[in-house]
Amino acid sequence: MGAFDFKKEFKDLYLPKTTPSIVDVPKMRFIMVDGKGNPNTSPFYKEAVEVLYGLSYTIKMSKKGSVQPEGYFDYVVPPLEGLWWFENNYFDGNVIGRKDEFCWTMMIRQPEFVTSEVFEMAKASLSKKKPELNVSIARLEDFTEGLCAQVMHIGSYDDEPPTVAALEEYIESQGYKTVMSGLRQHHEIYISDPRKTAPEKLKTVIRHPIERIVTE
């Protein structure tokens with residue numbers, strides 16, 4: 001038996017087609033970090049991602065420790081995800097020249113055996129290994145995204161606007177509307193590693209929260 005791979009076991013959530021579709025996203029557990037600013041230039045963004053991966057791999061590798069978390073199973077660490085929005089403007093996919101205005105929540109999904117106790121143990125372990133990291137910026141939270149429309153974008157992040165426009169057109173054609181509030185925001189799941197993948201080949205799931213349009 002190989003390690004459990006969330007992407008392969010839940011293809012409807014992680015590997016949609018390049019044509020939009022509707023999905024009901026169940027409750028999932030995440031390690032999250034909130035921040036603001038341009039992800040390309042923000043030192044805090046870089047630290048946030050490092051903390052997320054550091055904690056996620058600390059939990060995964062706890063199988064080699066003297067005490068395993070109850071219910072532990074071997075798994076592949078799920079991909080990095082991001083929730084993106086602007087405080088005063090609707091997110092329409094056009095972000096050129098506006099990246100400094102970003103509000104974001106970066107996150108990585110965790111298996112259900114990751115309780116608050118397991119999370120705190122991982123923070124303590126990572127702090128000992130990398131004391132320069134501020135693990136207090138991370139939190140463990142359950143997130144039920146609910147009804148959404150999504151599509152696979154292939155290409156660079158800056159080329160997303162046409163894909164977002166096609167997704168919005170599909171949402172309207174199906175009798176829905178995009179409604180963003182709280183954690184239900186413009187959602188990206190980074191299937192490809194940008195360090196190892198050419199920009200034109202990057203795969204990114206784009207997901208928007210939706211509600212049915214009620215007509216009288």
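1. Keep in mind that the model is a predicted one.

2. That largest pocket has a volume of about 1000 Å³. Its lining runs to 31 residues, and those nearest the centre are Tyr45, Leu80, Tyr157, Tyr190 and Pro194. Elements that contribute two or more lining residues are α3 (43-60), β4 (80-86) and β8 (186-190). Sorted by class, the lining has 18 nonpolar, nine charged and four polar residues.

3. Next comes the second largest pocket, with about 420 Å³ of space. It is lined by 19 residues, and Tyr57, Thr58, Ile59, Ser62 and Ser125 sit closest to its centre. The lining splits into 10 nonpolar, six polar and three charged residues.

4. Now for α4 itself. The helix has 14 residues and spans 20 Å from first C-alpha to last, close to the 20 Å expected at 1.5 Å a residue.

5. Which residues of α4 are buried? They are Val118, Phe119, Ala122, Lys123 and Leu126. These residues lie on the same side of α4 because they cover an arc of only 140° around the axis. The cover over them includes β2 (21-36), α3 and β6 (139-154).

Methods. Residues are numbered from 1 along each chain as its sequence is written. This is a predicted model: local features need pLDDT of at least 70, side-chain atom pairs count only at pLDDT 80 or more; totals for chains, interfaces and linings use all residues. Side-chain values use heavy atoms; hydrogens and water are left out. On a 1 Å grid over the protein atoms alone, a cavity is a set of points where a 1.4 Å probe fits but cannot get out, and a pocket is an open set with protein on both sides within 12 Å along at least five of seven lines; lining residues have an atom within 4 Å of a point. Grid points are joined across faces, edges and corners, and a volume is the space filled by probe spheres set on the points. Helices (H or I, at least four residues) and strands (E, at least two) are DSSP runs, numbered from the N terminus. Ala, Val, Leu, Ile, Met, Phe, Trp, Tyr, Cys and Pro count as nonpolar, Asp, Glu, Lys and Arg as charged, and the others, Gly among them, as polar. The expected span of a helix is 1.5 Å times one less than its number of residues. Buried means under 20% relative accessible area, exposed over 50%, partly exposed in between (1.4 Å probe, protein chains only). The arc is that of the directions from the helix axis to the C-beta atoms. Contact means heavy atoms within 4.5 Å.
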